[in-house]
Amino acid sequence: MRRRRRTMAVAMMALREGLLSPLVLMALATFAALAGLVSFLPVLQAPQTAVAAHPFALFEALPTMMAVLVALLASVLWARGAADGTLAVAMAQGLGVRMLVPGRFSAGLMLIAVALVLVTPVWIALAWMGPVDHGAVGAAWAVAFLMGAAQLAFAFAVAVLVGRPIATFVLAASLLVALNLLGGPTVQAAMEGVFGPGPAGALAALSPLSGWRAVTDGALGARDVLQLLLLLAAGLSLAMLVADAQRETAAARAAHLPLSVLGMIGLYAGLCLLALQALGDTRSDLTAARIATPDPALVAAARALGEPVTLRFASGPGEAGQSARRSWGELLARLQRKAPDTLRLEIVPGDASGVSGPTLTATNSLEERVTLDLDPARGRGTLQRQIALALLDLEAPRTRMVSIVTGVPAGTPALEALMARLRGQGPVLLLPADFATIPEQTEVLVVARPGPLTEPQVYAIDQFLLARGRAVLVPGAPPPVAGDIAEGPLAPILRTHDWQVPPPGSHRSTIATPQQNLVTAWPGGRPLAAAPPAGLAAPVALPVGPPRPHRATSLVPAHVVVVAEAEPFVPAGLSVPAGAAGADQTAQWIETLLLPSALMAAPPPVDTDWPPLERKDERTVQDALLLSAIAVPALVLAAGLAAHLLRRRRRSMIQPGGRRA
Amino acid sequence: MLVIERVTVRPRARSVLSEVSLLVEPGEIVGLLGVAGSGKTALLRVASGLLEPDAGTVRVVGVDIQIDRARAQSQLGYMAQNAPLPPDLSVREYLWWTGRARGLDRTDLDLRVSAGAKELDLGSVLDVPLDRLADVGRRRVSLAAALLHDPVVLVLDDPFCGLDPVQKLSMRAVLRRFAARRSTLVAMRSLEDVPAICTHVAVIQGGRIAAAKTTPEAFAATAAAGRFEDAFLKAVTGHDPGRPMDEPFDEAMPEQMELRT
């Protein structure tokens with residue numbers, strides 16, 4: 001207790017020294033002025049937007065500003081005393097380094113708190129100008145204090161080692177800025193180029209700022225906090241170790257100090273890497289609107305995906321893009337971490353994206369795409385629900401226009417009955433025997449046992465395929481004329497694309513092209529013969545050549561299914577009646593292939609019984625004014641109270657023999 | 001009582017202090033004399049616990065300062081050379097917070113600060129920032145801070161440095177008053193202050209105590225040879241002022257005075 005009291009006395013004395021030092025006062029004033037400048041410069045350049053109203057610019061500059069401030073504080077609070085001898089006098093007064101270092105460090109902490117309090121008007125003013133996520137800003141403010149504390153501990157270690165004010169300031173500020181840059185994206189990218197991602201990541205993990213960007217978005221990582229605490233502990237321990245060693249003679253010091261310092265640095269690095277491994281990306285969302293937390297419905301939709309979907313986020317250029325990247329980047333990263341098996345995430349930075357505003361493109365394995373404009377005006381909750389719907393849409397393809405070419409004569413009862421059933425599922429068009437083109441809106445073409453095809457018809461089908469249209473090809477001739485498939489009407493197409501029809505009885509295609517691998521590359525990587533994907537009738541998926549421009553489905557690659565009649569490609573639960581022949585069998589094939597497949601599927605029932613979106617409370621000017629009206633007087637009141645307490649203490653000292661109860 | 005026993009400080013190959021022994025009894029003021037670099041400040045730093053010796057012990061009122069530094073330092077007041085003080089605090093603030101850092105109670109401390117300021121004639125400058133004080137004022141403040149907890153042992157490093165004659169007279173009076181009942185070790189560069197305040201003198205040269213005697217004995221022993229300054233010069237350099245400088249020192253070494261260990 002007595003020791004704590006003495007440490008507090010050291011702290012209060014040092015605080016008083018700091019508050020009376022013109023250098024410190026000037027530094028605090030400069031800190032506040034710079035904070036205002038970097039915060040409001042974007043506001044002056046841009047209208048009152050969400051971008052301008054968020055103190056991102058301040059958060060960008062804060063680590064550097066803090067590094068310079070704490071270097072100065074360490075210089076004034078320790079190095080100056082070490083150089084002029086006042087610390088030696090204090091040590092001769094029975095103050096050990098375990099009181100002196102923490103005491104003076106505590107004074108530095110209080111001065112950092114003063115600096116951050118001086119900057120709070122920026123927060124208040126920005127809240128007045130537009131909606132500010134107080135959760136995110138508050139989290140950043142709190143972590144900025146912790147960051148300042150960690151940097152101060154580091155600067156104290158430098159001050160104790162160097163012992164000269166100017167050298168301490170220059171060295172500590174330089175080292176801290178370098179350490180900050182180590183965790184920054186620019187240096188990280190450069191290091192990745194030189195050392196590779198692994199060592200670069202490990203080096204970046206040493207920087208206390210590796211998680212600062214996420215923190216400013218309100219996503220507070222356990223590792224980030226632990227890393228700051230580690231730096232704080234390492235800095236203070238090192239300062240005390242060196243200060244204690246300075247009582248010893250140079251020879252004794254040289255015997256153990258270098259090893260101790262290296263050991264301390266090694267311990268810090270080791271614990272940082274351990275924290276990186278153990279805690280990874282464990283983060284909590286401190287934003288007021290939980291903007292860094294994916295909506296439960298979105299997470300559920302992502303986890304329910306049967307096949308991977310790639311989310312490509314393009315932030316767009318300029319400040320707005322930067323802001324969108326910060327806010328959406330963290331959310332999408334968290335979403336991807338929650339559904340790592342089904343989601344891939346690509347973040348395209350700023351100007352490289354080629355879009356004017358933040359855009360999200362979701363692409364499934366069939367390269368079907370849904371593009372969403374992440375307009376901030378639509379509200380984050382609404383946009384999250386739209387992303388969820390997009391994922392569900394990609395998972396359950398839309399009903400597609402199907403065109404059927406068959407040699408079965410129109411009007412055949414089996415075919416008519418089939419068409420009636422298919423029309424119940426979606427738009428289906430039976431092309432006439434003399435068709436010349438494939439209708440423009442066709443998304444799936446079924447060529448089932450066609451009759452003789454003219455050259456223009458073969459050309460039309462081929463063009464459809466080359467343009468990456470989807471098709472199901474049943475190349476045999478209509479029974480009872482069971483001709484050789486290789487010589488049937490589709491033979492030219494099969495030859496053009498080097499498709500070989502599997503021999504009868506084979507469970508696997510013998511298509512002798514690299515596309516054969518796609519058989520096992522179907523979602524989940526399950527071998528087809530062993531376990532055909534549920535709901536998929538046709539097993540062979542063949543992309544046809546490189547993407548080509550093609551009407552409405554130009555972005556959709558071809559998905560061609562070639563079916564050999566003799567093959568038992570019939571999924572479980574469906575069967576082709578043995579002995580069925582002619583039109584009946586053809587109709588049966590078509591139905592078997594189309595109805596349960598992904599090629600013509602009605603969207604499965606989607607559970608959209610989501611909890612209602614929380615209303616996004618965007619603060620009004622009145623709210624901001626109310627907040628300011630409370631915050632500013634409270635700040636003034638606190639400052640006045642502190643000044644009063646200081647004056648009272650001073651008065652008690654002035655009165656000779658003056659006692660306090 | 002301050003006991004310095006066979007203290008050796010060897011920062012590198014050369015010793016700064018070599019088996020130095022010294023005893024300062026209560027009521028004694030031992031003036032530590034020596035040329036620059038002779039080891040005065042190093043000895044004072046060892047005596048006040050700021051520097052750990054490579055060998056030897058320092059005991060303050062029987063407490064080994066290397067074993068229980070805090071307890072030993074609680075009985076010790078230290079005034080550094082040039083009286084370094086935090087420039088921005090006022091005299092009152094400095095004394096008050098120094099007392100608090102010493103662990104003194106607030107109520108008691110108020111009384112001590114007032115009384116100390118009165119005794120050291122600091123009453124008129126209590127609210128003056130320390131960097132505006134004259135040298136003598138700064139030394140008085142340093143002395144007041146060193147005396148705040150009423151220590152038994154005082155270690156003062158050159159308290160007269162840079163003072164004008166009037167200020168020196170004033171400082172002498174202050175030291176005589178406060179050192180009377182304490183064990184006081186004072187490093188001095190000015191010989192003229194020795195007879196005024198010191199009960200004993202110890203001459204340190206090359207990290208060793210070259211001579212130590214009571215002040216009257218020292219003066220008596222050197223009276224025949226001439227001035228005290230000449231005797232001191234002879235003690236620390238081996239040079240007899242009456243002889244040319246190129247004569248070998250060995251022949252000019254004074255007789256060793258009794259070491260008080």
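Between chain B and chain A there are 2 salt bridges in this predicted model. One of them joins Arg80(A) to Asp88(B), with the closest N and O atoms 3.5 Å apart.

Which elements of chain B give two or more residues to the side that touches chain A? They are helix H2 (69-73), strand E6 (76-79), helix H3 (91-102) and helix H4 (106-119) of chain B. H3(B) gives the most to that side, with 9 residues. Sorted by class, the side of chain B that touches chain A has 18 nonpolar, 7 polar and 15 charged residues.

Now for the extent of the meeting. The contact draws 40 residues from chain B and 40 residues from chain A. About 3700 Å² of area is buried between chain B and chain A, and carbon and sulfur atoms give 57% of it. On the side of chain B, the residues that lose the most area to chain A are Asp88(B), Trp97(B) and Ala101(B), together 18% of what that side buries. Asp88(B) is also the residue that forms a salt bridge with Arg80(A).

Next come the aromatic rings. A pair of aromatic rings is described by the distance of the centres and the angle of the planes. Over all chains, the whole structure holds 5 aromatic pairs. Two of them involve Phe156(A), and the table sets them side by side.

| Ring pair | Distance of centres | Angle of planes | Kind |
|---|---|---|---|
| Trp78(A) and Phe156(A) | 6.1 Å | 55° | tilted |
| Phe105(A) and Phe156(A) | 6.0 Å | 90° | edge-to-face |

What do these pairs link? Trp78(A) sits in helix H3 (residues 56-84) of chain A and Phe156(A) in helix H6 (residues 134-162) of chain A, so this pair links distant parts of the chain, 78 residues apart. Phe105(A) belongs to helix H5 (residues 97-129) of chain A and Phe156(A) to helix H6 of chain A, so their pair ties together parts that are 51 residues apart in sequence.

Elsewhere, ring pairs link Phe59(A), Trp123(A) and Trp141(A) into a cluster.

Note on methods. Residues numbered from 1 in each chain as written. Chains lettered and ligands numbered in written order. Predicted model: local features only at pLDDT ≥ 70, side-chain atom pairs only at ≥ 80, totals over all residues. Heavy atoms only, no water. Contact = heavy atoms within 4.5 Å. Buried area = accessible area lost by both parts, 1.4 Å probe. Salt bridge = Lys/Arg side-chain N within 4 Å of Asp/Glu carboxyl O. Helix = DSSP H or I, 4+ residues; strand = E, 2+ residues; numbered from the N terminus. Nonpolar A, V, L, I, M, F, W, Y, C, P; charged D, E, K, R; others polar. Phe/Tyr/Trp six-rings, centres within 6.5 Å; stacked < 30°, edge-to-face > 60°.
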